[in-house]
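Morning, everyone. A few quick notes on side chains today. Have a look at the model first.

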Amino acid sequence: MTEDTALYVYALLPDRPDAADGVTGIDGRPLRLVRVPGTSVAALVHDAAPAPLEGGDDQVRRWVEEQSRAVDTVWERTGSVLPMTFNVLVAAEPSPEDGTPAGTAAGSPAGRSAEQRLTEWVTEQAADIGGQLEGLAGRCELRVDITVDRTAATAGGTGGAGGDEAPEGLSPGMRRLMEKQREHRARATAGQLADILHAETRQRLLAVAEDYRDRGPTHRVAGETDVLCAALLVRREDIDAVGAVLTDLRARQPAVRVRFLGPWPPYSFIDTAHRARAEEMAP
């Protein structure tokens, strides 16, 4: 059996002694904290073999979900977290003689363990990591997708659907032409409404969110035109205020469709330098 000489790192978080109690991660592995003396930061990890996880799409999807659930749990307990991406490993330092991980060959000089390497890096970056954790404390990410239903938008305008019925006796070719014309009008009407709503809604969301990041749509729906797709950084106490903006929009514009997701750890608002540095310590 391969020796666990690496650490699989889930997140960096404020050092709370009980943050990982009873928390399990990928494949039910028990998680623990690597505490970093002299700092207010800890790392959430499980002991691992020095090789990345590999599997089929369904298995990887399950692992990512298990990792996310673990990060969500400690985030709820500590109020702030800097998540890692999937498959971030910190390996033990190879021995100078043969390049094997420290302790894997009898008589090899002891190199730095994975835990030593991780704690040394966190110590070096403690000010930046601690500053991020403090700045994100009590904040969460919300995802908002807003679209306009083209059929509803057209029916609500002056050129309602009823006036577009094709007369009896038209040829199939003429019917196809009229259908294309209806679709073109619906797209144009929905596009005009979407442009108006984008500016208005973005301004209202920025009034209650601390930060705003444009994102690609989470999914596409036939017959809908995008208004905006965004990630919002908000204080937990302002979640209802975001909901009120969206509820008011729906009430005033029946053609609008809203998808409102979260709250989640603020994945979109994290300086990813800590992830890149951790990945440099992989096997």
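Start with the cysteines. This is a predicted model, and the disulfide count is zero. To be counted, two cysteine sulfur atoms must lie within 2.5 Å. Where do two of the cysteines sit, then? C140 is buried, at a relative accessible area of 0%. C229 is buried too, at 7% relative accessibility.

Next, the aromatic rings. How many aromatic pairs turn up in a search of the whole structure? Two. I'll show you one of them, W63 with F86. Their ring centres are 6.4 Å apart. The planes meet at 20 degrees. Stacked pairs need planes under 30 degrees apart, so W63 and F86 count as stacked.

Now place that pair on the chain. W63 belongs to helix α1, residues 57-78. F86 is in the loop between β4 (82-83) and β5 (89-91).

Buried or exposed? W63 is buried, because its relative accessibility is 4% and the limit for buried is under 20%.

Last topic: charges over rings. Take R202. Its charged end sits over the ring of Y212, 4.5 Å from the ring centre. Then there is R236. That residue lies over the face of W75, and here the distance to the ring centre is 4.3 Å.

That's my list. Over to you.

How values were computed
Residues are numbered from 1 along each chain as its sequence is written. This is a predicted model: local features need pLDDT of at least 70, side-chain atom pairs count only at pLDDT 80 or more; totals for chains, interfaces and linings use all residues. Side-chain values use heavy atoms; hydrogens and water are left out. Buried means under 20% relative accessible area, exposed over 50%, partly exposed in between (1.4 Å probe, protein chains only). Rings of Phe, Tyr and Trp (its six-membered ring) pair if their centres lie within 6.5 Å; planes under 30 degrees apart count as stacked, over 60 as edge-to-face and the rest as tilted. Helices (H or I, at least four residues) and strands (E, at least two) are DSSP runs, numbered from the N terminus. A charge sits over a ring if NZ of Lys or CZ of Arg is within 6 Å of the ring centre and within 35 degrees of the ring normal.
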